[in-house]
Amino acid sequence: MDNVGWHAHRRAQKEEEYFTSPRRGADGRFTPVEQVRPIDEQFIGGFLPPPSPGPPPLPAKDDIYNDPTFRLPDEIKSQKSISSSQLSRLSAVERSRILRVARMEPHLMFMVGPLLKYDTTDEHGIWHGALLIVTADSSSTYEPHPTLTYQYDPDKLTRHHKRKTFEGKSFDLGPHPADPHSTSLSLSASQINGHASSGPNFTSEQSPAQEIWVYPGAGGTFTFWRFMIHIPLGPNEMKVAYSINHGQQLHFFVPGRNQNMRWASYSCNGFSAGVNPDDFRGPGFQSGFDPCWLDLLAHHHEEPFHVLVGGGDQLYCDGLTREPELQEWIAKLKPEEKQNYQLTDEILEAIDRFYFNHYCQVFRSGAFARANCSIPMMNMCDGFGSCKCLLLNQVHNRIGTRGYFFFLLFQCFINVDVDGVDDKNHINRSIIIGAPGPYVGFPSHSFLGYLGPQTSILLLDCRAERKKDQVCSPLEYEKVFARLHQLPSTVEHLVVQIGIPIAYPRMVALEKILESKYNPLVALGRNGSLGLSGFVNKFNAEAELLDDLQERNWFVSQLQEFAKVKHIRVSFLSGDVHCSAVGVFKSLKDKNNPEVPSPMDYRYMLNVVTSAIVNTPPPGGVIKLVASLAGKTHKTMHKSQTDETMLPLFTKDPDGSNRGQKYIMGRRNWCITTYDESTGDLSFDIRVEIEKGIGQTQGYMVRTPPPRWERSSAATLSTSPL
């Protein structure tokens, strides 16, 4: 009898042999880690993109949609879905017509998309956003260029759905015209029989495509098309329907003019190297990626989210180290050998090939793709890390530069060569462009967006300008604070989204150990033992270090002064650490006076940590180590009259049982943020996975109060942590 896991071990061993000793094919090229093909039109929206040796055939064009003689049966005209029993009573022609999917004309062959992005809402109440698709040139028709049609009716009230209990199927996401397993109506009766019933203010807009980049792959060329969207907000929340070239109709939601947005946030959307995704795949799911995303979509179906905030690690690119062209460089153990290694044309091609294929594969698959096409995204960059080799290593610099380029392209819909680096005349109104990055070849791109009359969000770019001793440059800080001071007087809450926790337990002693070349954790991390691979950098096997404490303390102090002057409550939202927690800054208690109530305390700042929506939690020993420090008050900011501690939010497990460790939850999670109109509180509902892989979560709510201290006169703020 075979030993348990023997076959899995052999497969892993053979895979390792292939990647460490790559072989060329008959055409002289290496086989890449990922190679994506165009997806058939019926699978747009994240449903089972089928593997295929080549592009699927062009679909037949359907004239049914212009056929005035076709009518849906009266019994199902008002339905959004139809049961199998109802279908069985219809004729074959009726069944075929009802379930048929709208086809694009002219035809486009998608590689990924549609992806939605939210920018901001201006002072006139105009919602600004964009849509991105990537198409295969060889199988698409561009005469005329692609066109986005979007429609909305400000007089039509949106209906929210009752909570639905999902049965753990990756495709069970509610009615969707692109779902091949569903019996949802592909087209409503109004779409088939004529124009939708609408009020006098019903609006239909068309947005022409702008070509912003072309990827020249070995299998052909692929075009990135951007469509701009501008919607005047009405008195009520609106459902916006859209389609490309009159194909499938999808939709998203925008808030009312005076409504604060409901939004979801997540981080760490992938599995680290060495983690088996099937360990997180519950019954009925196609992938371990889907369960928590399906839970997010279930909440979106119940009460729509207006924005989806990516708080770092929107995808994992560890697989780049497996590309065959990089194996010789990866194998170099001595720093000077890596330093002197020359870039080749093959390596340049392999880096772009990996990023393009990997982005297409992740952003078009499963429940995550469904979220991308139905909830406009706002993303921050949190990648590449900071390590000594960046300064001297050509290959690593190229990886960082192209990684940042593809981040801007796929996640922000920005091409610097097209859009420039002048944030005063940029297509994105929310953008704040900082100083040129020392290693990635681009300036930082931060975003300050509107989330409602009382709420704004800052997505701070903590990567582009990062060095060993710096997270953000003085110029970036100067421009960010200048823009913050321009926030309107109605704003009561500012959420600062950063990649790593800023009020997490300070582990200075642990950091000293990590820096040591004799650190046993690094040795274990290099071979993946005990789940500690996250402690080391994938490219040079050095320890990943914590951020500069001096710069952190300065940044927090400056935001406290900003809060005091502008009368705005500041909160932090972070990811990165694969667990959930809530840290808090507050005024240092004078032993002769009572503690300042949180509504009156301008230093009171929550740091909500939500991570990871997909990746595995840290080992229990690591969580226990961090938790042992969590209940202690840290004195690093006492000079600024500030205490730093954590909230005991997790007194019970998701199943209701008591738990001894109350500060840190080591389960997959994501977060819902809402504004309470009755109290002015901003509520963070951390959704924690109840059982691994089942697709259901339990909420843990924490609230931060509105500012209730007396308004202060303007103060002079420093613009540099040094």
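Predicted model: local features only at pLDDT ≥ 70, side-chain atom pairs only at ≥ 80, totals over all residues.

Reply: One of the positions to look at is Q151, whose bridge partner in strand 7 is A241. Strand 3 is also joined to strand 4, by six bridges, and these two strands run antiparallel as well. There, T149 has Q206 of strand 4 as its bridge partner. In general, strands of a sheet pair through backbone hydrogen bonds, in either a parallel or an antiparallel way.

These pairings belong to an open sheet of four strands with the order 4-3-7-8 and antiparallel pairing. Strand 4 (203-208) and strand 8 (250-254) are at the edges; each has a single partner strand, so one side of each is left without a neighbour in the sheet. On average, and with direction ignored, neighbouring strands of this sheet are turned by 25° against each other.

P144 sits in the loop between strand 2 (126-136) and strand 3. The peptide bond from E143 to P144 is cis, with omega near 0°. P106 is placed in the loop between helix 3 (92-99) and strand 1 (110-121). As background, most peptide bonds are trans, and most residues other than glycine have a negative phi.

C268 is not a glycine, yet its phi is positive, at about 60°. C268 lies in the loop between strand 9 (263-266) and helix 5 (290-302), and its relative accessible area of 0% makes it buried. D576, also a residue other than glycine, has a positive phi near 80°. Its place is the loop between strand 16 (569-574) and strand 17 (581-587). With 28% relative accessibility, D576 counts as partly exposed.

Next come the helix contacts. Helix 8 (residues 345-363) and helix 10 (residues 394-412) have axes that come within 10 Å and cross at roughly 35°. The crossing of helix 8 and helix 10 is right-handed. On the helix 8 side the contact uses L348, I351, D352, Y355, F356, Y359, C360 and F363; on the helix 10 side it uses R398, I399, R402, G403, F406, F407, F410 and Q411. Sorted by class, this contact has 11 nonpolar, two polar and three charged residues.

F410 is buried, with a relative accessible area of 0%. Setting aside residues up to four places away in sequence, F410 touches F356, Y359, C360 and F363, together with V112, L115, L132, V134 and F224. Between F410 and Y359 there are 51 residues in sequence, while their C-alpha atoms are 7.4 Å apart in space.

Another helix pair is formed by helix 12 (residues 474-484) and helix 15 (residues 549-566), whose axes come within 11 Å and cross at roughly 20°. Helix 12 is therefore roughly parallel to helix 15. The crossing of helix 12 and helix 15 is right-handed. Helix 12 contributes Y477, F481 and L484, and helix 15 contributes E551, W554, F555, Q558, L559, F562 and K566. By class, the contact of helix 12 with helix 15 has seven nonpolar, one polar and two charged residues.

S430 belongs to the loop between helix 11 (416-419) and strand 12 (431-436). With a relative accessible area of 1%, S430 is buried. Apart from neighbours within four places in sequence, S430 is in contact with D119, T120, S446, F447, L448, G449 and R483.

Definitions and conventions
Residues numbered from 1 in each chain as written. Heavy atoms only, no water. Pairing = 2+ DSSP bridges. Axes fitted to C-alpha atoms, helices over the stretch in contact; angles between N-to-C directions. Parallel < 35°, antiparallel > 145°, perpendicular 65-115°, else oblique. Left-handed = near helix turned anticlockwise from the far one by under 90°. Contact = heavy atoms within 4.5 Å. Nonpolar A, V, L, I, M, F, W, Y, C, P; charged D, E, K, R; others polar. Buried < 20%, exposed > 50% of the residue type's maximum accessible area, 1.4 Å probe, protein only.
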